[in-house]
Amino acid sequence: MIKEYKKKDGSKAYLVQVYLGIDPVTGQKKSTTRRGFATKKEAEVMEARLKVSSADGTHTTQKNRRYRFSEIYELWLQQHEREVKCGSYGTTKRYAELHVLPYFGNLFIEKIDVAFCQKILNKWTDHFKSAKYPKRIVSETLNYALLMGIIDTNPMKLLKLPRQKKEQPMQQENYLDSEELKYFLECCEDYGNEKFTTFFRLLAFTGCRRGEALALTWGDINFKSKRITISKTQTVDKDGVAIVSTPKTFESYREISIDKKTADMLMAWRSTQRKLYFKRGINTSSKEQLVFTTYPENKLYNGPTVNDWLNTIERKYKLKHITIHGFRHTHCSLLFEAGTPIQVVKERLGHSNINTTMNIYTHVTKKAEDNAAEKFAERFSF
C-alpha cells in the first residue's frame, strides 16, 4: 500500500507499507514501512522490491513487474536535478535524449548486460572525444536500479573506456601565436564591428572562458585598478535558455588584471553601447548591465552565437581556424612565453589544480623546454 503524507517542513512525500507474510518462528504477521519517497513512482519501485522476500529475509526483483531503462532513468533524473546546477541538468538531459535513450531506453533493465554495454561504449568512443559523459548517465541510472533492488549488478561499472583511435599525427593546434593573434585582431578592426573586436581582445588578453565573458557586467570591471572580477558564467537552463549561473568551480571565482589597451577598449565599447541602446530608449548605465548583449533586445547571449562571430572573421580573412576556447589556450601560451610562473597562470585561468594547467598546455611547456635548451647553449657556448 502506498500513501501520500506531509513532512514536517510541509513538503509532500510517500510511504510504502508492505505485508510480508507470517513469521515462521513467532507466528506473527510481518510487515514493513518505508518513508520519504519524493515521487509515487519511487514508492512503487520500493514496493515491488519489498513484496518478494526470500527465506533468509532478502528481497529480489518482483517477477511480474519489469522496468524499462527509461523508467528508472526518469526516476534518477528527478534526483539528479536536485543535486546539480540547472545547466548541468540540461546538458545531461540533452545527452541522454540524443545518445543514451535511443540505445537503452526501451530495454528491460535486467536484460542489460556487459556485452551490450561494451558494444555501445565502443560506438560512443568512436563518436565522442570522450565517452565519459554518456557512460556516466547509464552507470548512474543502473546504480539507481541497484539501490532500489531491481538489479543485482551494474554492468557498466565493470567496463573501462576503450582507447580512442589515434588521430592524424599532424593536427593544427588550437591556439594563436603572438603574430597570428596580432593579425587576427587587426582583421577584427578592419571588419568594423566594435563588439566583436572587444570581445575577442578580452578573451585573448584575460584567458577567461566564453561563458565568463558573456556573463560579465560593467560592475565587474574596475577601470581605476584595471581589474576584472569573475564571479559568474553564462550557461543554459534545462530548456536550453541562456541564464547566468555560478562559475564552473570554486577556483573559477577570481580577480584578474587587464592591460591598459584592453581597459581602454572596454571603456570605449561601454560608451558605444550606451549610445546604441539609448536610441532605442534603453538605459544601459547600470552596474548590472551586461557588457555583451543581443541587439536590439539587450538580452544575454547564448554561447554558440559567439562561435558564429569567430567563423565570420575567419572565413572573410581566410585565417587559421581555432575554437573560442582556443583564445584561452592562446592566453596561456603567451603567458608562458612571457616567463609567467606556472602558479600565476593557474590562478589567472581559474584552474582547480596545477596538473590541469600542465596537462592542457603541454605544447606550451614543450616549447619552453626547447627555448631553455637554446638559452643554455647560448650561455655556455663551448
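Reply: Of the 382 residues in the chain, 41% are buried. The model is a predicted one, and its chain contains 14 helices and eight strands. When contacts between residues at least 6 apart in sequence are considered, 59% of them join residues at least 24 apart.

The largest pocket has a volume of about 1,200 Å³. Its lining consists of 36 residues, of which T91, R209, R210, T235 and K248 are the closest to the centre of the pocket. Two or more lining residues are given by each of the elements α3 (86–104), α8 (210–214), β6 (233–236), α10 (304–317) and α13 (354–360). Helix α3 provides the largest share, with five residues. By residue class, the lining of this pocket comprises 20 polar, nine nonpolar and seven charged residues.

T330 belongs to helix α11, which spans residues 326–337. T330 counts as buried because its relative accessibility is 0%, and the cut-off for a buried residue is under 20%. Apart from neighbours within four places in sequence, the residues in contact with T330 are Y175, L176, L181 and I322.

Technical notes: Residues are numbered from 1 along each chain as its sequence is written. This is a predicted model: local features need pLDDT of at least 70, side-chain atom pairs count only at pLDDT 80 or more; totals for chains, interfaces and linings use all residues. Side-chain values use heavy atoms; hydrogens and water are left out. Helices (H or I, at least four residues) and strands (E, at least two) are DSSP runs, numbered from the N terminus. Buried means under 20% relative accessible area, exposed over 50%, partly exposed in between (1.4 Å probe, protein chains only). Contact means heavy atoms within 4.5 Å. On a 1 Å grid over the protein atoms alone, a cavity is a set of points where a 1.4 Å probe fits but cannot get out, and a pocket is an open set with protein on both sides within 12 Å along at least five of seven lines; lining residues have an atom within 4 Å of a point. Grid points are joined across faces, edges and corners, and a volume is the space filled by probe spheres set on the points. Ala, Val, Leu, Ile, Met, Phe, Trp, Tyr, Cys and Pro count as nonpolar, Asp, Glu, Lys and Arg as charged, and the others, Gly among them, as polar.
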